[in-house]
Amino acid sequence: MVRTLARRIPRRLVALAAGALVLVVLGGCTLKHPTANLVRGKQLFVSKCGSCHTLSHAGATGAVGPNLDAAFRQDRADGYHSNDFRGLVDYWIQFPSNGNVMPAMLLKGQAAENVASYVAAVAAKPGQDTGALALAVANVNQKPAVEQNGALEIDADPTGQLKFLASSATAKPGSVTLKMKNMSSVPHDIAIKGAVNQVGPVVTGGGVSTVTATLKPGTYEFYCSVDGHEAAGMKGTLTVK
Ligand code: HEC
């Protein structure tokens, strides 16, 4: 898959370069790019793109679409620059391919430009973000969840990262309700597996997903059953004792 992508991109880059040339000729000096805000771009990437794409600098672990570090690695090696990638990513946001998985026009104008500039700046680059970029998206501060009156509160990360705010939870045997509030725009649910299998409703934008099960002592997993989210790390251990 990676090899096919790497082969596809340079062709697109060539097409884009030709397109950009036409624009420059037509628009002359009046065509200016406003300065991109990389901090905002990173925040938007995490909330709008990271649930489907892996990008190591952004801590994004999505696996629905191509890994963007892998997608751009060969192009970097071939000597293309961040500026070439920026145009490509911006173009992709407006016109994703016919796969119909990636929604078109997720972002427009300056917002798309910010995300495209951020992806272009960091994709396939070793190392980590520093300075203001390192602080752009809060690290998920996971704390164990403890049952209160038969309920466990295990909320989703509000910035859109594929994580719960708890990676472990404990409860007493009997009826246990798992409650997950999701303030992000990425759809999530909460589910339990082990001796029981239960899946709560998918919610987004402030919705609460709940699931109730009668649990015997033992170890269970809580997770998000939306495609790819568990694999990306949206899961934890529930100990009943
Ligand atoms: C719902 C999942 C989903 C979301 C959200 C999503 N993408 Fe994608 N993206 C995909 C898939 C799947 C592909 C592969 C091509 C296709 O089917 O459209 C893709 C392809 C791409 C590509 C081309 C990579 C290549 O190797 O050719 C880029 C760049 C990209 N996405 C960037 C973004 C950015 C930036 C965002 C956020 C604004 C975003 N994507 C949001 C699923 C997603």
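Helices (H or I, at least four residues) and strands (E, at least two) are DSSP runs, numbered from the N terminus. The structure is a predicted model, in which local features need pLDDT of at least 70, side-chain atom pairs count only at pLDDT 80 or more, and totals for chains, interfaces and linings use all residues. Residues are numbered from 1 along each chain as its sequence is written, and side-chain values use heavy atoms, with hydrogens and water left out.

The protein chain holds six helices and 11 strands. Of its 241 residues, 41% are buried. Buried means under 20% relative accessible area, exposed over 50%, and partly exposed in between (1.4 Å probe, protein chains only). Contact means heavy atoms within 4.5 Å. Among contacts in the protein chain with a separation of 6 or more, 60% join residues 24 or more positions apart.

The ligand carries an iron atom, coordinated by His53 (NE2) and Met102 (SD) at 2.0 to 2.2 Å. Donors are N, O and S atoms within 2.8 Å of the metal (3.2 Å for Na, K and Ca); water is not among the atoms, so sites may look incomplete. The six donor atoms subtend angles of 88 to 179° at the iron, which makes the arrangement octahedral. Six donors count as octahedral if opposite donors are over 155 degrees apart and all others between 65 and 115. Histidine 53 sits in the loop between helix 2 (38-49) and strand 1 (54-55), and methionine 102 in the loop between helix 4 and helix 5 (109-122), so the pair ties together parts 49 residues apart in sequence. Histidine 53 is buried, at 10% relative accessible area. Methionine 102 is partly exposed, at 27%.

Helix 3 (residues 68-77) packs against helix 4 (residues 82-94) at an angle of about 145°, with the axes 11 Å apart. Axes are lines fitted to C-alpha atoms, for helices over the stretch in contact, and angles run from 0 to 180 degrees between N-to-C directions. Phe72, Asp75 and Arg76 in helix 3 meet Ser82, Phe85, Leu88 and Val89 in helix 4. By class, this contact of helix 3 with helix 4 has four nonpolar, one polar and two charged residues. Ala, Val, Leu, Ile, Met, Phe, Trp, Tyr, Cys and Pro count as nonpolar, Asp, Glu, Lys and Arg as charged, and the others, Gly among them, as polar.

Helix 3 also crosses helix 5, at roughly 65°, and their axes come within 10 Å. Here Leu68, Asp69, Phe72 and Arg76 in helix 3 meet Val119, Ala120, Ala121 and Val122 in helix 5. The contact of helix 3 with helix 5 divides into six nonpolar, no polar and two charged residues.

Histidine 188 lies in the loop between strand 6 (174-182) and strand 7 (191-193). Its relative accessible area is 0%, so histidine 188 is buried. Beyond residues up to four places away in sequence, histidine 188 touches several residues, including Met180, Cys224, His229 and Met234.

Most residues other than glycine have a negative phi. Alanine 124 has a positive phi, near 60°. Alanine 124 is in the loop between helix 5 and helix 6 (131-134) and is buried, at 15% relative accessibility. Asparagine 149 also has a positive phi, near 50°. Asparagine 149 is in the loop between strand 3 (145-146) and strand 4 (151-153) and is exposed, at 83% relative accessibility.

Conventions. Four donors count as tetrahedral if all angles lie between 85 and 135 degrees; four count as square planar and six as octahedral if opposite donors are over 155 degrees apart and all others between 65 and 115; anything else is irregular.
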